[in-house]
Amino acid sequence: MLLTLTTTHRPATDLGHLLVKHPDRVQSFDLPAGAAHVLYPEADEARCTAALLVEVDPLKLGGGRGRRQAATPDSFTLGQYVNDRPYAASSLLSSALAKVFRSALRGESRDRPELAATAIPLEVRVPVLRCRGGADLAARVFGPLGWTVTATPIPLDEAYPEWGDSRYVDLTLTGTLRLADALNHLYVLLPVLDDAKHYWVAPDEVDKLLRAGAGWLAAHPERGLITRRYLAHRRALAGAALARLAELRLADEPAADDSVEIEQPAEAPRASLAVRRREAVLAALRDSGASRVLDLGCGGGALLTALVADRRFTEVVGTDVSSQALTLAARRLRLDRLPERQRDRIRLWQSALTYRDDRLRGYDAAVLMEVVEHLDPPRLPALEDAVFGHARPGTVVVTTPNVEYNVRYEGLGAGRFRHADHRFEWTRAEFAGWVDRVATAYGYTARIGGIGDEDPEVGAPTQLAVLTSTDTNTRKEETTR
């Protein structure tokens, strides 16, 4: 089986540095089921092509000692030895990619680190790919990732066109992407289109999928199909993976509470409530005069991006309990591409909001944007102590859904929350009571408002509170005098 990777980035031979494979040499690698070879059919300053050729030994593939094999395309015993596995792209090619281009998959390059972090023009060709679902499915899985997809069905026999097309396609992908992203797309999606694995799918495959899919799979419109096929339709593993992907989507878009599985009311403005929420939080931070800011429960970095774009915030820290969410945030911020001075303004820390963390003390302001409702109510006192008591920022900005407004969403039945992960949603009176109790207990003053269009009966869709430490108020008064 064959895969070619071409770039016209100048000098194009830098592709050899990214892949850590010299264009002037043919390199070979042993695989459990055969061998892989890397060679360069063309390599000059204008255009460079690397080819990965995988030779599969059917005897090795079919005769593993005591190894449980995945189902082959044919159900009879001889099908373990006589099949399309040596010729059509499949999970065998993905495994070869992972072994041969390991550092490139991770986005690492000792010789060209800046190029590894840069999107370059790429063309990928897989001449024979078993594609269960046809050319249309290839476009559906690769298209949303920035590729222009050409998937040409291969006829059963060119001499007899009336026989129709085979189950194979000739796949060409063109686009401008980081090489690491391109390789991870291929690593995941080639076996997905083939819809078979040449090895037993164990629970650790979930971690492999999430690692290779970091930054793109959680938001992919075909993530369900991709997950189920990659995990060989094992329900328990697919369910676990999809649950973790749902957490990542929630972390990446903390404003999803007012859009998941519900329709916006007809009178809602076209402007996104998520955008209006971020603007309201930024305005509160600016009014506070803060320069060193914590985004607690930052998720995938939607607010962090806006904070970093405003130079008045000289230090920006994002924390989240999920390491995957922090990886997404780093990608969103493009930390590996920022100038050193910009990068030095940003910190990403793994931290749980229900535990005291000394690193979070001494900051001007902290944000809890669409966070508190994801905690079980008995855990709220721990959050209050960790944030307001121990970290004690000068200003704390809190946003949370207004459950009274839910009646304005069509399809959101009585007793249902805006998101499946919400443990509660407060009425306006309940939120005001919580804010008043916290402010009194920890020495803060508070003001409460709403975000979004105000409904005369049920209020605004999002509730906002800005709590200011009495120490901060005292300092402001002394400065004014």
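User: What makes Arg292 and Ala391 count as contacts of glycine 362, leaving aside neighbours within four places in sequence?

Analyst: In this predicted model, glycine 362 is in contact with Arg292 and Ala391, once neighbours within four places are set aside. The word "contact" is used because heavy atoms lie within 4.5 Å.

User: Where is glycine 362 found, and why is it called exposed?

Analyst: Glycine 362 is found in the loop between strand S10 (346-350) and strand S11 (365-369). Its relative accessible area is 51%, and exposed means over 50%, so glycine 362 is called exposed.

User: How far is glycine 362 from glycine 394 in the model?

Analyst: Along the chain they are 32 residues apart, and their C-alpha atoms are separated by 8.2 Å.

User: Why is proline 377 called partly exposed?

Analyst: Proline 377 has 43% relative accessibility. Buried needs under 20% and exposed needs over 50%, so with 43% proline 377 falls in between and is partly exposed. You'll find proline 377 in the loop between S11 and H15.

User: What does proline 377 touch beyond its neighbours within four places in sequence?

Analyst: Proline 377 is in contact with Arg423 and Phe424. For arginine 423, the C-alpha to C-alpha distance from proline 377 is 7.4 Å, though the two are 46 residues apart in sequence.

User: Now for a helix. How do you know what span is expected for H16?

Analyst: Helix H16 covers residues 428-442, which is 15 residues. The expected span is 1.5 Å times one less than the number of residues, and for H16 that comes to 21 Å. From first C-alpha to last, H16 reaches 21 Å, close to the expected value.

User: Which residues of H16 are buried, and why are they said to be on the same side?

Analyst: The buried ones are Phe431, Trp434, Val435, Val438 and Ala439. They cover an arc of only 125° around the axis, which puts them on the same side of H16. The face turned away from that buried side carries the exposed residues Ala429, Asp436, Thr440 and Ala441.

User: What covers the buried residues of H16?

Analyst: The cover includes helix H15 (380-391), strand S12 (395-401), strand S13 (444-451) and strand S14 (462-469). Just after H16, glycine 443 takes a positive phi of about 75°.

User: What makes helix H3 "mostly covered"?

Analyst: H3 runs over residues 91-100, and seven of its ten residues are buried. Those are Ser91, Leu92, Leu93, Ser94, Ala96, Leu97 and Val100.

User: How do you know that S1 and S5 pair?

Analyst: Two strands pair if there are at least two bridges between them. S1 (residues 2-7) and S5 (residues 120-130) have four bridges, in the antiparallel sense, so they pass the cut-off. Threonine 7 stands opposite leucine 122 in S5.

User: How many bridges join S5 to strand S7?

Analyst: Nine bridges join S5 to S7 (residues 165-177), and the two run antiparallel. In S7, tyrosine 168 is the bridge partner of arginine 130.

User: What makes the backbone at aspartate 195, arginine 334 and proline 11 worth a look?

Analyst: Most residues other than glycine have a negative phi, and most peptide bonds are trans. Aspartate 195 has a positive phi near 60°, and arginine 334 has a positive phi near 55°. The bond from arginine 10 to proline 11 is cis, with omega near -10°.

User: Is aspartate 195 buried or exposed?

Analyst: Its relative accessible area is 15%, and buried means under 20%, so aspartate 195 is buried. Aspartate 195 has its place in the loop between helix H7 (179-194) and helix H8 (204-212). As for arginine 334, it counts as partly exposed at 48% relative accessibility.

User: Why should some coordinates not be read in detail?

Analyst: Where pLDDT is low, the predicted coordinates should not be read in detail. The protein chain averages a pLDDT of 86, with 87% of the residues scoring at least 70. Over residues 64-76, however, pLDDT is below 50, and over residues 253-270 pLDDT stays under 50.

Note on methods:
Residues are numbered from 1 along each chain as its sequence is written. This is a predicted model: local features need pLDDT of at least 70, side-chain atom pairs count only at pLDDT 80 or more; totals for chains, interfaces and linings use all residues. Side-chain values use heavy atoms; hydrogens and water are left out. Buried means under 20% relative accessible area, exposed over 50%, partly exposed in between (1.4 Å probe, protein chains only). The arc is that of the directions from the helix axis to the C-beta atoms. pLDDT is the predictor's confidence in each residue, from 0 to 100.
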